[in-house]
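Thanks for passing this one along. Please have the model open beside these notes as you read.

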Amino acid sequence: MDKTSLKKLIDDDQSNAKNTIPPYLEETYWWAYLHPRGIRIFERQWLVNFILWGNYRRLREAALSEIDSHFQGNMLQLACVYGDLTEKLASKLSIKGQLDLVDISQAQLENAQSKLGQRQNINLIQQDTSSLNLPDNAYDATMLFFLMHEQPENVRLSTLAEAIRVTRKGGKIIIVDYHRAAGWNPLRYVMKGVFRWLEPFAEDFISSEVSDTLPIDKITRIKKQVYFGGLYQKVIINC
Ligand SMILES: C[S@@+](CC[C@H](N)C(=O)[O-])C[C@H]1O[C@@H](n2cnc3c(N)ncnc32)[C@H](O)[C@@H]1O
């Protein structure tokens with residue numbers, strides 16, 4: 001699908017989009033993603049790097065390495081992230097490429113806009129990732145960076161199904177997120193405490209493989225790589 005037709009379809013669909021903040025986000029993560037003060041505090045790359053035990057750059061590069069330089073197709077990023085991942089993704093676009101960034105939070109989209117500046121080939125779209133008002137098979141690459149562990153199971157599975165629906169045959173889905181750390185990794189126990197305290201859906205997410213929760217149609221290949229003693233994973237799903 002060329003980028004002008006995709007943009008028109010997205011604009012037409014916006015009027016139907018469901019854009020109320022889901023209760024889990026409001027209740028669990030308001031302080032990190034919705035409150036302006038939270039956004040001001042967390043929008044610091046050193047802090048994100050600290051939260052990821054010094055692995056931000058490595059994980060960002062692992063995600064970016066899946067996207068060709070001078071990318072000519074349509075790329076979708078599901079949910080905004082702190083740090084410069086989205087700017088780096090955008091810098092991979094050729095003049096023909098397009099990046100659509102979806103988030104349910106207006107404040108997050110405004111924050112992303114302030115980092116990205118005005119660019120013709122980037123669309124910021126306020127939608128829920130679990131019920132996207134975006135066309136089937138429209139994207140060549142879909143990225144989810146540390147989104148899945150923050151969603152309750154039903155939302156997570158719907159988000160995954162939506163990512164598969166909107167990614168075209170021959171395209172890929174790139175997931176970077178937490179993973180169950182190896183038994184020898186001492187951070188396993190620290191992270192258990194962190195998850196219990198701050199990330200109530202993360203334990204459930206890492207208790208199964210992404211590949212076990214996928215619908216089987218449309219998927220041609222799944223590849224997983226783990227990092228930092230298994231604490232993080234990259235999963236590539238080829239459609
Ligand atoms: C990608 S996740 C976590 C990213 C990671 N902690 C970081 O900042 O690097 C955070 C984003 O997901 C968004 N989000 C969470 N659930 C969502 C949903 N159902 N639909 C759209 N956006 C959602 C939040 O608004 C927030 O901007």
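1. A word on the basis. This is a predicted model, in which local features need pLDDT of at least 70, side-chain atom pairs count only at pLDDT 80 or more, and totals for chains, interfaces and linings use all residues. Residues are numbered from 1 along each chain as its sequence is written.

2. Six of its six residues are buried, so strand 2 is largely enclosed by the rest of the structure. Here buried means 20 or more other C-beta atoms within 10 Å of the residue's own, exposed means 12 or fewer, and partly exposed is in between, with C-beta atoms placed from the backbone. In a regular strand, side chains alternate between the two faces of the sheet. Both faces of strand 2 are covered, with Gln-98, Asp-100 and Val-102 buried on one side and Leu-99, Leu-101 and Asp-103 buried on the other.

3. What flanks strand 2? Strand 1 (residues 74-78) pairs with strand 2 in the parallel sense over five bridges; pairing requires at least two DSSP bridges between the strands. Leu-78 sits opposite Val-102 of strand 2. From strand 1 the chain passes through helix 6 (residues 85-90) to strand 2 in a right-handed β-α-β crossover, meaning that the path from the first strand over the helix to the second runs clockwise when the strands point away from the viewer.

4. Strand 3 (residues 122-126) is also parallel to strand 2, and five bridges join them. Val-102 has Ile-125 as its bridge partner in strand 3. The link here is helix 7 (residues 106-116), and this β-α-β crossover from strand 2 to strand 3 is right-handed. Asp-103, in turn, is bridged to Gln-126 of strand 3.

5. Now for strand 7 (residues 232-238), where five of the seven residues are buried. Strand 5 (residues 167-178) runs antiparallel to strand 7, joined by seven bridges, with Ile-173 opposite Ile-237. Strand 6 (residues 221-227) also pairs with strand 7 in the antiparallel sense, over seven bridges, and Lys-223 faces Ile-236 there. Four residues lie between strands 6 and 7 in their hairpin, where Phe-228 adopts a positive phi near 55 degrees.

6. Beyond residues up to four places away in sequence, Val-176 touches partners including Leu-59, Phe-145 and Tyr-232, contact being C-beta atoms, placed from the backbone, within 7 Å.

7. Finally, the ligand has 21 residues around it, and Ala-79, Val-81, Tyr-82, Ile-104 and Gln-108 come nearest (a residue is near if its C-beta atom, placed from the backbone, lies within 6 Å).

Key:
Helices (H or I, at least four residues) and strands (E, at least two) are DSSP runs, numbered from the N terminus. Two residues are in contact if their C-beta atoms, placed from the backbone, lie within 7 Å.
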